[in-house]
Structure formats: structure tokens, C-alpha cells
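Here are my notes on the model you sent over. Have it open while you go through the points.

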Amino acid sequence: MSRSAPYQPLLLRILHGVSGILVIAAITTGFLVYNTFDRRFGKLPIPAIGEIQDIHGTLALCFLLVLPAFAVYSFHAGYKRLLQPDSLQNLTVFGRPSWWVSLQRIANTLMLIASVLAVISGRMMKEEWLPSGELNHIWYFFHLGAWAIMVCCLAIHLLMSSKVGGVPLLISMFSLKVRPEDSPTKWSSRFRSWLSNFPPNLRVQINHLMENNLSLTIIEVIVLVGIFVAFILPLFFSGNE
Ligand code: HEM
Ligand code: HEM
């Protein structure tokens, strides 16, 4: 890869690659679960797969396990690829390159929000509902809605990434090249220097937030709290509503 081609940090490629594969697998197997037990809103002529719920549950749970790491990475090391303070303002002038870049960053951010909706509603699903014909649980409708939102956001994410950077940008996410300065041997020292900023000086942090990207910080809190809730929610609810 030439030096001018887009380069994505190795850790981003790993976390994004694993999450991306698991999300696409969850979307596909989720649809197959619907196609096996429900089919009210349309169907595909695919034979029912007996074990599909277990397969979906396992893949989706794996996604939930990597999501915290991916989200923390994106909101910190990768924050420049998410919503920026001027993103919404840039959307007022249609067609300029900054319009598309802003939309792409908003689309990246939406992927994280949509993921949280999918994992929270998924954690409230019960294995017994669909096989026994219980198709009207509120959490099932939320989970179906989350699937539709996820599909739309993924389509926008891919369209915007290809519009902004074309095929080279898409390919850069799957490239196996590693620059020496990005080698895993450097990760521990970089992680230590990141940790050395903790605990942060609260006043400095708040000033920094107000001057920089308050909206993104609010979204980060919502996403991280949402992921935490997805982990613990089934402990508090029987999910029979
Ligand atoms: C039409 C689409 C979908 C349907 C019908 C569906 C259905 C289900 C069902 C029946 C369960 C319970 C499985 C079990 O307990 O073994 C479940 C769990 C789950 N789903 Fe989905 N799903 C869909 C899409 C998605 C998508 C797109 C995601 C995420 C990207 C997702 C994430 C989850 C999660 C995190 C769980 C909890 C897994 C666990 O705790 O073991 N689902 N889903
Ligand atoms: C085939 C599927 C996918 C492709 C080709 C793809 C492509 C890309 C590309 C090229 C970027 C970098 C944009 C840039 O450098 O400006 C990106 C970033 C991002 N993608 Fe994807 N993506 C895919 C699937 C997903 C999925 C399923 C998710 C949801 C979990 C996701 C979430 C994100 C996020 C949050 C970012 C920003 C990361 C950061 O802040 O560092 N992507 N994607």
C-alpha cells in the first residue's frame, strides 16, 4: 500500500473487523430466526433451520462482548471519525465535500447507537417465545425494529464511506499492512501513557468538553451506559412482558 493510501490503525482494523463480521452475522441469522418462526412482514423461501436461535444467540452475544472495546476505542482513539462539533452545521450547505464527510461521521456514530438498541432489545428476548408462537412481545417488536435500523444504518455507513473515500477507503479497513509505528509492540507503552491521564482533572476536562465535542461526549455516555445496561438487564427482568 502506498504511503498516500488511507491507513487505518491496526487496533481499529481488528476491533472493527471482528464487530463488523459479528454484526453482519447477527443481521443474517436474526433474519433467519424471523423467517423460521414469524414471517408476518414478508418471507424468503428458505427452509427453516432448527438451531438458528442458538446460532443467532451465540453470535450476537459475541458481538456484545466485543462492543465495549470497540465503542471505547471509537470514542477515544477514533473520535475524529465520529460526530464533530461542526458536523451538523456542515450539513446546512448541501453538496460540498464537508457535507459528505459530516454525513459519514454521523453514519459512523449511528452504527454505535443502533448497535446499542439491538443488543439491549436482544438481551430481553426469551428463547421460548418464537417457537411457541408468542410473537407479540414488546421486546420482540423493539428487536425487529432494531434490526431494521441496523440494516439502514449499515447501508448509509457503507454508502457514505464509499462516497468519501471510494474503494481505497473501504479496502483500507481490511488491509493486512502494519506500519512500524503502529506495531503491537508499541501498544503497551501507548496504553500506559493514555492511562497516565487518569484520574483526569475535572475542571480541565469540563472546559475541554465545552470547547470541543459536548454532543459526542453525551452520545458516548449514552452508548457506554447502554452497553452496560445490556449486560445487566436480564438479571433484573424476567422478560415476560
Ligand atoms: C430480524 C432480526 C432478529 C431477530 C428475529 C432476532 C431474534 C433473537 C432471538 C429469538 C434472541 C434470543 C435468542 C436466545 O436467547 O437464544 C435474540 C437474542 C439476541 N439478539 Fe437478536 N434477532 C434479530 C437481530 C439482531 C441483531 C441485528 C442484533 C445485533 C446486531 C441482535 C442481537 C442480539 C443479542 C445481543 C441477543 C442476546 C444474546 C444472548 O444474550 O444470548 N439481534 N435475538
Ligand atoms: C462490510 C462492512 C463494513 C465496512 C466496509 C466498513 C467500513 C468502514 C470504514 C472505511 C471506516 C473508516 C472511515 C474513515 O476512516 O473515515 C469505518 C469506520 C467505522 N465503522 Fe465501519 N464498516 C463496516 C461495517 C461496520 C459495522 C457492522 C459497524 C458497527 C458496529 C461499523 C462501525 C464503524 C464505526 C463506529 C466506525 C468509526 C470508527 C472510529 O471512530 O475509529 N462498521 N467503517
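1. Start with the iron atom of ligand 1: its protein donors are His56 (NE2) and His143 (NE2), lying 2.0 Å from it. Donors here are N, O and S atoms within 2.8 Å of the metal (3.2 Å for Na, K and Ca); water is not among the atoms, so sites may look incomplete. The two histidines come from distant parts of the chain, 87 residues apart, with His56 in helix H2 and His143 in helix H5. Helices are DSSP runs (H or I, at least four residues), numbered from the N terminus.

2. The iron atom of ligand 1 has 6 donor atoms at angles of 85 to 179 degrees, so the arrangement is octahedral (six donors, opposite ones over 155 degrees apart and all others between 65 and 115).

3. His56 counts as buried because its relative accessibility is 17% (the cut-off is under 20%, with a 1.4 Å probe and protein chains only).

4. On to ligand 2, where polar side-chain atoms of His16 and Arg81 come in: His16 lies 2.8 Å from a nitrogen atom of the ligand, and Arg81 lies 2.8 Å from an oxygen atom of ligand 2. For Gln8, a side-chain N or O atom is 3.2 Å from an oxygen atom of ligand 2.

5. This is a predicted model: local features need pLDDT of at least 70, side-chain atom pairs count only at pLDDT 80 or more, and totals for chains, interfaces and linings use all residues. Residues are numbered from 1 along each chain as its sequence is written, chains are lettered from A and ligands numbered from 1 in the order written, and side-chain values use heavy atoms, leaving out hydrogens and water.

Conventions:
Polar contact = N/O pair within 3.5 Å; in protein donor to acceptor, adjacent residues only side chain to side chain. Tetrahedral: all angles 85-135°; square planar, octahedral: opposite > 155°, others 65-115°. Buried < 20%, exposed > 50% of the residue type's maximum accessible area, 1.4 Å probe, protein only.
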